[in-house]
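This report describes one protein model, beginning with a salt bridge and moving on to the fold, the core and the surface. The sequence and structure come first.

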Amino acid sequence: GSVWKPGGPQAIVDPEWALTKGLVPIRDVVQGPNSARLQDDAVRLDSDAKKIDLASGKTLEYDYCVLAVGAQNASPCDPPPECTSLAALRAHYGSVNLAIRRASRVVVVGGGAVGIEVAGKVREVARAGASITVVHSGQRPLDMSLPGAAPKPFAAFQERIMRLCAEANIELVLSARCTNL
């Protein structure tokens, strides 16, 4: 399977959800009589001969080649690369969840959309009295999401996020950076 990245914040607070709804089976992504999934590294592309040499020694011929190299962004909710089985994912998300539930203080670095969501999800399962802090380099949460000054409706949304964080007892430390992590 493949981990559904937008579900990461939910996965760290609900490990069973991660395994039942947060995984996308590869067999459901690549379907059809003329489709196949092959995981390998491309080492050479010969566009004149319309062939791709793979690290495994195989060669693929093609009519059309689409280079979809993807983008891999780091998320605090991603499992480590060695988590390649359901048992490893269950153990990973379970240990993260247990650490969150036992913590007396949780600090989330980054007050963008994911950081704010993670803080809210952590508040849902954190023990009573746990301190949750979001440290964000911007002057307002989510302000790095838009270049330049935020339009008025977005500024109102940021105010609402700040109010909801205060109501949930989530401290926002703004215009600050974490160092020596």
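## The R140–E159 salt bridge

R140 is partly exposed in this predicted model, with a relative accessible area of 25%; buried stands for under 20%, exposed for over 50% and partly exposed for the range in between, using a 1.4 Å probe and protein chains only. R140 forms a salt bridge with E159, and the closest N and O atoms are 2.2 Å apart. A salt bridge here is a side-chain nitrogen of Lys or Arg within 4 Å of a carboxyl oxygen of Asp or Glu. R140 sits in the loop between β7 (131-136) and α6, while E159 belongs to helix α6, so the pair ties together parts that are 19 residues apart in sequence. E159 is partly exposed as well, at a relative accessible area of 36%.

Residues are numbered from 1 along each chain as its sequence is written, and side-chain values use heavy atoms, with hydrogens and water left out. Because the model is predicted, local features need pLDDT of at least 70 and side-chain atom pairs count only at pLDDT 80 or more, whereas totals for chains, interfaces and linings use all residues.

## Other salt bridges

The search of the whole structure finds 5 salt bridges. One of them joins the side chains of E16 and R90 at 3.5 Å, N to O. This pair links distant parts of the chain, since E16 is in helix α2 (residues 15-20) and R90 in helix α4 (residues 86-102), 74 residues apart. E16 is partly exposed at 43% relative accessibility, and R90 is partly exposed with a relative accessible area of 43%.

A further salt bridge is formed by K121 and E124, with the closest N and O atoms 3.8 Å apart. Both residues lie in helix α5, 3 residues apart, which is about one turn of the helix. K121 is buried, with a relative accessible area of 17%, whereas E124 is exposed at 56%.

## Overall fold

The protein has 6 helices and 8 strands. Helices (H or I, at least four residues) and strands (E, at least two) are DSSP runs, numbered from the N terminus. From that end, the elements follow the order β-α-α-β-α-β-β-β-α-β-α-β-α-β.

Of the 181 residues, 29% count as buried. Contact means heavy atoms within 4.5 Å. Among contacts with a separation of 6 or more, 52% are between residues 24 or more positions apart. The accessible surface, calculated by the Shrake-Rupley method with a 1.4 Å probe and, for residues, with only the protein chains shown counting as cover, comes to about 12200 Å². Carbon and sulfur atoms account for 54% of that surface.

## V125 in helix α5

V125 is placed in helix α5 (residues 113-125). V125 counts as buried at 15% relative accessibility. Leaving out residues up to four places away in sequence, V125 touches V13, I100 and R101. The C-alpha atoms of V125 and D14 are separated by 8.9 Å, although these residues are 111 residues apart along the chain.

## Aromatic pair and cysteines

Rings of Phe, Tyr and Trp (its six-membered ring) pair if their centres lie within 6.5 Å; planes under 30 degrees apart are stacked, over 60 edge-to-face, and the rest tilted. The count by this rule is 1 aromatic pair. F154 and F157 form this tilted pair, at 5.9 Å centre to centre and 45° between the planes. The two residues are 3 residues apart in helix α6 (residues 152-167), so about one helical turn separates F154 from F157. F157 is partly exposed at 38% relative accessibility.

C65 is partly exposed at 31% relative accessibility, whereas C165 is buried with a relative accessible area of 4%.

## Nonpolar surface patch

V107, V109 and L181 make a nonpolar surface patch of about 330 Å². Patches consist of residues with over 30% relative accessible area and no salt bridge; like charges are joined within 9 Å, and nonpolar side chains (Val, Leu, Ile, Met, Phe, Trp, Tyr) within 5 Å. L181 is found in the segment after β8 (170-174). With a relative accessible area of 82%, L181 is exposed.
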